[in-house]
Amino acid sequence: MPNMFTFKANRYTDAFAEHGYVHIPGGLSEEFHVQLVKYVQDSFEQKHLKDFARGDKQQAMFEFLEPEHYDELREAVATITGVEVSSLTLSERHIKEYEPGADPYPLAHKDRFGSEVSVAFRLEIQDRPRDVQMFLGNAMWHLREHGAGTTVLYLKLNTYNCDTLGEDPHTAEIRQTTLSMVDTPSTNWPASIPVIARRVDYIHQRYSRDWSELFGVVIYGQPHATITDREFELLRWMDGQRTVAEISKQMKQSDKGADVQEAIRLLAQRGIVDLLTEPIAMGKIRGKVVTEAV
Ligand SMILES: [Fe+2]
(Lines give C-alpha, C1' and ligand atoms only; values in the text may rest on other atoms or scores of the structure.)
Protein backbone atom coordinates (compact mmCIF):
# COMPACT_ATOMS: atom_id res chain seq x y z
CA MET A 1 0.00 0.00 0.00
CA PRO A 2 1.52 3.34 -1.02
CA ASN A 3 1.88 6.37 1.23
CA MET A 4 -0.85 8.96 0.88
CA PHE A 5 1.40 11.98 0.74
CA THR A 6 4.32 12.99 -1.44
CA PHE A 7 5.39 16.03 0.60
CA LYS A 8 7.58 16.67 3.64
CA ALA A 9 5.16 18.06 6.20
CA ASN A 10 7.73 20.24 8.00
CA ARG A 11 8.14 22.37 4.86
CA TYR A 12 4.63 23.71 5.42
CA THR A 13 4.75 24.43 9.16
CA ASP A 14 5.79 28.08 8.80
CA ALA A 15 3.26 28.84 6.07
CA PHE A 16 0.43 27.38 8.14
CA ALA A 17 1.48 29.34 11.23
CA GLU A 18 1.53 32.53 9.17
CA HIS A 19 -1.63 32.15 7.11
CA GLY A 20 -3.82 29.50 8.76
CA TYR A 21 -3.90 27.40 5.59
CA VAL A 22 -1.65 25.62 3.13
CA HIS A 23 -2.27 24.48 -0.42
CA ILE A 24 -0.06 21.58 -1.49
CA PRO A 25 -0.26 20.97 -5.26
CA GLY A 26 0.08 17.27 -6.09
CA GLY A 27 0.28 16.45 -2.37
CA LEU A 28 -1.33 13.04 -2.85
CA SER A 29 0.83 10.30 -4.34
CA GLU A 30 -0.25 9.13 -7.78
CA GLU A 31 -0.67 5.53 -6.60
CA PHE A 32 -2.82 6.54 -3.65
CA HIS A 33 -4.90 8.83 -5.83
CA VAL A 34 -5.60 5.99 -8.28
CA GLN A 35 -6.72 3.74 -5.42
CA LEU A 36 -8.83 6.47 -3.87
CA VAL A 37 -10.63 7.24 -7.13
CA LYS A 38 -11.35 3.53 -7.56
CA TYR A 39 -12.57 3.31 -3.97
CA VAL A 40 -14.91 6.26 -4.50
CA GLN A 41 -16.29 4.77 -7.70
CA ASP A 42 -16.81 1.33 -6.14
CA SER A 43 -18.32 2.33 -2.87
CA PHE A 44 -20.03 5.68 -3.14
CA GLU A 45 -23.45 4.20 -3.69
CA GLN A 46 -23.45 2.00 -0.56
CA LYS A 47 -21.98 4.60 1.73
CA HIS A 48 -24.28 7.52 1.11
CA LEU A 49 -25.04 9.51 4.22
CA LYS A 50 -28.62 10.39 3.48
CA ASP A 51 -28.98 12.45 6.63
CA PHE A 52 -26.07 14.55 5.50
CA ALA A 53 -27.18 15.18 1.94
CA ARG A 54 -27.30 18.94 1.82
CA GLY A 55 -28.17 21.22 -1.03
CA ASP A 56 -26.38 20.29 -4.18
CA LYS A 57 -23.79 17.86 -2.89
CA GLN A 58 -23.91 14.23 -1.79
CA GLN A 59 -21.77 12.80 0.97
CA ALA A 60 -20.45 9.33 1.74
CA MET A 61 -18.42 8.05 4.66
CA PHE A 62 -14.77 7.37 3.84
CA GLU A 63 -13.07 4.28 5.27
CA PHE A 64 -9.29 4.51 5.45
CA LEU A 65 -7.79 2.21 2.82
CA GLU A 66 -5.17 1.16 5.39
CA PRO A 67 -5.04 1.84 9.16
CA GLU A 68 -1.57 3.34 8.59
CA HIS A 69 -3.12 6.08 6.47
CA TYR A 70 -4.91 7.42 9.50
CA ASP A 71 -1.58 7.61 11.35
CA GLU A 72 0.06 9.25 8.34
CA LEU A 73 -2.70 11.87 8.22
CA ARG A 74 -2.42 12.68 11.92
CA GLU A 75 1.37 12.88 11.76
CA ALA A 76 1.25 15.28 8.79
CA VAL A 77 -1.40 17.48 10.41
CA ALA A 78 0.50 17.49 13.73
CA THR A 79 3.73 18.57 12.03
CA ILE A 80 2.10 21.27 9.93
CA THR A 81 0.03 22.69 12.78
CA GLY A 82 2.72 22.30 15.44
CA VAL A 83 0.94 20.11 17.99
CA GLU A 84 1.58 16.64 19.37
CA VAL A 85 0.05 13.77 17.40
CA SER A 86 -1.69 12.57 20.55
CA SER A 87 -3.64 15.84 20.74
CA LEU A 88 -5.46 15.18 17.47
CA THR A 89 -8.92 13.68 17.15
CA LEU A 90 -10.58 12.98 13.82
CA SER A 91 -14.13 14.29 13.70
CA GLU A 92 -15.17 13.77 10.10
CA ARG A 93 -14.18 11.69 7.08
CA HIS A 94 -16.60 12.39 4.28
CA ILE A 95 -16.41 12.22 0.52
CA LYS A 96 -18.44 14.95 -1.15
CA GLU A 97 -19.61 14.85 -4.72
CA TYR A 98 -20.72 18.18 -6.06
CA GLU A 99 -23.59 17.65 -8.47
CA PRO A 100 -23.44 18.96 -12.03
CA GLY A 101 -25.79 21.83 -11.24
CA ALA A 102 -24.00 22.89 -8.05
CA ASP A 103 -23.94 26.65 -7.46
CA PRO A 104 -20.59 27.92 -8.78
CA TYR A 105 -20.53 30.65 -6.11
CA PRO A 106 -22.03 29.20 -2.90
CA LEU A 107 -22.16 31.24 0.30
CA ALA A 108 -19.01 31.21 2.39
CA HIS A 109 -19.29 29.29 5.65
CA LYS A 110 -17.30 28.04 8.61
CA ASP A 111 -17.20 24.33 9.44
CA ARG A 112 -18.60 22.87 12.65
CA PHE A 113 -16.65 23.15 15.91
CA GLY A 114 -14.87 19.79 15.57
CA SER A 115 -13.30 20.95 12.28
CA GLU A 116 -10.47 22.94 13.81
CA VAL A 117 -8.30 21.73 10.95
CA SER A 118 -9.97 20.74 7.71
CA VAL A 119 -8.02 18.73 5.15
CA ALA A 120 -9.36 18.45 1.61
CA PHE A 121 -8.14 16.00 -1.06
CA ARG A 122 -9.22 16.89 -4.57
CA LEU A 123 -10.06 13.89 -6.73
CA GLU A 124 -10.76 13.42 -10.41
CA ILE A 125 -10.31 17.06 -11.26
CA GLN A 126 -9.16 17.79 -14.77
CA ASP A 127 -6.89 20.70 -14.04
CA ARG A 128 -5.36 19.93 -10.64
CA PRO A 129 -5.96 16.41 -9.33
CA ARG A 130 -4.17 15.25 -6.16
CA ASP A 131 -4.02 18.67 -4.51
CA VAL A 132 -4.16 18.79 -0.73
CA GLN A 133 -5.53 21.79 1.15
CA MET A 134 -5.33 22.22 4.90
CA PHE A 135 -6.96 25.13 6.70
CA LEU A 136 -8.56 26.31 9.92
CA GLY A 137 -11.99 24.97 9.05
CA ASN A 138 -14.01 26.27 11.99
CA ALA A 139 -12.35 29.69 12.08
CA MET A 140 -11.97 30.75 8.45
CA TRP A 141 -14.79 31.65 6.11
CA HIS A 142 -14.47 29.50 3.00
CA LEU A 143 -16.32 28.23 -0.03
CA ARG A 144 -15.60 26.05 -3.04
CA GLU A 145 -16.10 27.91 -6.29
CA HIS A 146 -17.04 25.95 -9.42
CA GLY A 147 -17.47 22.74 -7.46
CA ALA A 148 -19.91 21.20 -9.95
CA GLY A 149 -18.97 17.69 -11.03
CA THR A 150 -15.99 17.40 -8.66
CA THR A 151 -15.29 15.02 -5.81
CA VAL A 152 -13.45 16.01 -2.64
CA LEU A 153 -12.47 13.95 0.38
CA TYR A 154 -12.73 16.06 3.53
CA LEU A 155 -10.94 14.98 6.71
CA LYS A 156 -11.57 17.17 9.75
CA LEU A 157 -9.42 17.07 12.87
CA ASN A 158 -9.20 18.96 16.13
CA THR A 159 -7.32 19.24 19.40
CA TYR A 160 -10.49 19.34 21.54
CA ASN A 161 -11.09 15.59 21.93
CA CYS A 162 -14.20 16.26 19.81
CA ASP A 163 -15.64 13.48 17.63
CA THR A 164 -19.35 14.21 17.83
CA LEU A 165 -20.25 11.91 14.93
CA GLY A 166 -18.05 9.05 16.17
CA GLU A 167 -15.87 8.84 13.05
CA ASP A 168 -12.42 8.55 14.64
CA PRO A 169 -11.26 4.89 14.67
CA HIS A 170 -9.99 5.42 18.27
CA THR A 171 -13.15 6.87 19.79
CA ALA A 172 -14.67 3.60 21.01
CA GLU A 173 -11.34 2.63 22.56
CA ILE A 174 -11.03 5.97 24.43
CA ARG A 175 -14.52 5.40 25.90
CA GLN A 176 -13.65 1.85 26.89
CA THR A 177 -10.40 2.95 28.53
CA THR A 178 -12.27 5.65 30.45
CA LEU A 179 -14.82 3.18 31.75
CA SER A 180 -12.20 0.69 32.84
CA MET A 181 -10.23 3.46 34.61
CA VAL A 182 -13.19 4.54 36.71
CA ASP A 183 -14.53 1.05 37.30
CA THR A 184 -11.26 -0.40 38.55
CA PRO A 185 -10.40 1.07 41.95
CA SER A 186 -6.77 -0.03 41.71
CA THR A 187 -5.97 2.25 38.78
CA ASN A 188 -4.35 5.56 39.43
CA TRP A 189 -7.10 7.44 37.70
CA PRO A 190 -6.69 10.71 39.71
CA ALA A 191 -3.53 11.20 37.61
CA SER A 192 -5.60 11.07 34.41
CA ILE A 193 -6.75 14.15 32.51
CA PRO A 194 -10.52 14.60 32.32
CA VAL A 195 -11.92 16.32 29.22
CA ILE A 196 -15.36 16.73 27.69
CA ALA A 197 -16.10 13.38 26.06
CA ARG A 198 -15.70 12.91 22.32
CA ARG A 199 -19.36 12.30 21.51
CA VAL A 200 -20.66 15.36 23.41
CA ASP A 201 -22.37 17.66 20.93
CA TYR A 202 -23.03 20.68 23.17
CA ILE A 203 -23.61 21.90 26.69
CA HIS A 204 -26.56 24.20 27.28
CA GLN A 205 -28.72 25.94 29.81
CA ARG A 206 -32.46 25.69 29.63
CA TYR A 207 -35.59 26.64 31.57
CA SER A 208 -38.17 24.33 33.08
CA ARG A 209 -41.84 25.25 32.97
CA ASP A 210 -41.44 26.78 36.41
CA TRP A 211 -38.57 28.94 35.09
CA SER A 212 -35.89 27.14 37.05
CA GLU A 213 -32.62 27.05 35.12
CA LEU A 214 -30.90 23.77 34.33
CA PHE A 215 -27.56 22.94 32.80
CA GLY A 216 -27.52 20.02 30.44
CA VAL A 217 -25.21 18.02 28.22
CA VAL A 218 -26.28 16.61 24.88
CA ILE A 219 -24.37 13.61 23.60
CA TYR A 220 -24.87 13.37 19.84
CA GLY A 221 -28.21 11.78 19.00
CA GLN A 222 -29.25 11.50 22.66
CA PRO A 223 -31.63 13.57 24.78
CA HIS A 224 -30.61 16.32 27.21
CA ALA A 225 -28.90 14.97 30.35
CA THR A 226 -29.12 17.34 33.29
CA ILE A 227 -25.95 18.23 35.17
CA THR A 228 -25.67 20.22 38.39
CA ASP A 229 -24.15 23.68 38.62
CA ARG A 230 -21.13 22.13 40.29
CA GLU A 231 -20.70 19.57 37.51
CA PHE A 232 -20.93 22.43 35.03
CA GLU A 233 -18.17 24.22 36.93
CA LEU A 234 -16.07 21.05 36.90
CA LEU A 235 -16.39 20.82 33.12
CA ARG A 236 -15.17 24.42 32.86
CA TRP A 237 -11.99 23.47 34.72
CA MET A 238 -11.18 20.75 32.18
CA ASP A 239 -8.62 22.35 29.90
CA GLY A 240 -6.88 19.29 28.52
CA GLN A 241 -3.95 19.79 30.91
CA ARG A 242 -5.24 19.50 34.48
CA THR A 243 -5.49 16.08 36.09
CA VAL A 244 -8.40 14.83 38.19
CA ALA A 245 -6.28 15.42 41.31
CA GLU A 246 -5.39 18.98 40.26
CA ILE A 247 -9.01 19.93 39.57
CA SER A 248 -9.95 18.46 42.91
CA LYS A 249 -7.29 20.62 44.58
CA GLN A 250 -8.47 23.77 42.78
CA MET A 251 -12.05 23.16 43.81
CA LYS A 252 -10.98 22.61 47.42
CA GLN A 253 -9.35 26.03 47.41
CA SER A 254 -12.69 27.54 46.47
CA ASP A 255 -14.39 25.46 49.19
CA LYS A 256 -16.23 23.23 46.75
CA GLY A 257 -13.84 20.34 46.86
CA ALA A 258 -15.87 17.63 48.54
CA ASP A 259 -16.06 14.50 46.45
CA VAL A 260 -14.77 16.13 43.28
CA GLN A 261 -13.16 12.87 42.28
CA GLU A 262 -16.44 11.05 42.74
CA ALA A 263 -18.27 13.71 40.70
CA ILE A 264 -15.78 13.33 37.83
CA ARG A 265 -16.09 9.56 38.05
CA LEU A 266 -19.86 9.80 37.63
CA LEU A 267 -19.53 12.20 34.68
CA ALA A 268 -17.12 9.72 33.08
CA GLN A 269 -19.55 6.85 33.61
CA ARG A 270 -22.36 8.87 32.04
CA GLY A 271 -20.33 9.41 28.86
CA ILE A 272 -19.93 13.15 29.54
CA VAL A 273 -16.21 13.04 30.36
CA ASP A 274 -13.33 11.05 28.88
CA LEU A 275 -10.15 10.38 30.82
CA LEU A 276 -6.89 10.77 28.92
CA THR A 277 -3.40 9.64 29.83
CA GLU A 278 -1.68 12.54 28.04
CA PRO A 279 -2.55 16.24 27.90
CA ILE A 280 -4.05 17.66 24.70
CA ALA A 281 -3.47 21.04 23.06
CA MET A 282 -7.16 22.06 23.18
CA GLY A 283 -7.50 24.90 20.70
CA LYS A 284 -3.84 25.91 20.56
CA ILE A 285 -3.70 25.56 16.77
CA ARG A 286 -6.16 28.35 16.27
CA GLY A 287 -4.43 30.47 18.89
CA LYS A 288 -1.10 30.18 17.09
CA VAL A 289 -2.24 31.62 13.82
CA VAL A 290 -2.01 35.38 13.73
CA THR A 291 -3.81 36.19 10.50
CA GLU A 292 -7.06 34.48 11.24
CA ALA A 293 -9.67 35.36 8.63
CA VAL A 294 -12.73 35.87 10.81
FE1 LIG B 1 -16.46 23.74 4.79
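Helices (H or I, at least four residues) and strands (E, at least two) are taken as DSSP runs and numbered from the N terminus. The structure is a predicted model, in which local features need pLDDT of at least 70, side-chain atom pairs count only at pLDDT 80 or more, and totals for chains, interfaces and linings use all residues. Residues are numbered from 1 along each chain as its sequence is written.

The chain has 8 helices and 11 strands. Of its 294 residues, 38% are buried, where a residue is called buried if 20 or more other C-beta atoms lie within 10 Å of its own, exposed if 12 or fewer, and partly exposed in between, with C-beta atoms placed from the backbone. Two residues are in contact if their C-beta atoms, placed from the backbone, lie within 7 Å. Among contacts with a separation of 6 or more, 75% are accounted for by residues 24 or more positions apart.

Helix α3 (residues 67–81) has 15 residues and reaches 22 Å from its first C-alpha to its last, close to the 21 Å expected at 1.5 Å a residue; the expected span is 1.5 Å times one less than the number of residues in the helix. Leu 73, Arg 74, Ala 76, Val 77, Ala 78, Ile 80 and Thr 81 are the buried residues of α3. The loop between β2 (57–61) and α3 contains Glu 63. Glu 63 is exposed, with 10 other C-beta atoms within 10 Å.

Helix α4 (residues 171–183) consists of 13 residues and reaches 19 Å from its first C-alpha to its last, close to the 18 Å expected at 1.5 Å a residue. In α4, the buried residues are Thr 171, Ile 174, Thr 178, Met 181 and Val 182. They cover an arc of only 90° around the axis and so lie on the same side of α4, the arc being that of the directions from the helix axis to the C-beta atoms. Ala 172, Glu 173, Gln 176, Ser 180 and Asp 183 are exposed on the other side of α4. The buried residues of α4 are covered by elements including α7 and β11 (273–276).

The axes of helix α5 (residues 229–237) and helix α7 (residues 260–269) come within 11 Å and cross at roughly 85°. Axes are lines fitted to C-alpha atoms, for helices over the stretch in contact, and angles run from 0 to 180 degrees between N-to-C directions. The two helices, α5 and α7, are therefore roughly perpendicular to each other; angles under 35 degrees count as roughly parallel, over 145 as roughly antiparallel, 65 to 115 as roughly perpendicular and the rest as oblique. Arg 230, Glu 231 and Leu 234 of α5 make the contact with Val 260, Ala 263, Ile 264 and Leu 267 of α7. The residues of this contact comprise 5 nonpolar, no polar and 2 charged, with Ala, Val, Leu, Ile, Met, Phe, Trp, Tyr, Cys and Pro counted as nonpolar, Asp, Glu, Lys and Arg as charged, and the others, Gly among them, as polar.

Within α7, Val 260, Ala 263, Ile 264, Arg 265, Leu 267 and Ala 268 are buried. These buried residues of α7 pack against α4, β7 (193–196), α5, α6 and β11. Gly 271 follows α7 and has a positive phi, near 85°. Helix α6 (residues 244–253) contains Met 251, which is buried, with 20 other C-beta atoms within 10 Å. Met 251 and Trp 237 are 14 residues apart in sequence and 9.1 Å apart in space, C-alpha to C-alpha.

The loop between β11 and α8 (284–288) holds Met 282. Met 282 is not a glycine but has a positive phi of about 40°; Met 282 is buried, with 21 other C-beta atoms within 10 Å. Ala 281 lies in the loop between β11 and α8 and is buried, with 23 other C-beta atoms within 10 Å. Not counting residues up to four places away in sequence, Ala 281 touches Val 83, Glu 84, Ser 87, Thr 159 and Gly 240. The C-alpha atoms of Ala 281 and Ser 87 are separated by 5.7 Å, although the residues are 194 residues apart along the chain.

Trp 211, in the loop between β8 (200–207) and β9 (213–219), has a positive phi of about 70° although it is not a glycine. Trp 211 is exposed, with 6 other C-beta atoms within 10 Å.
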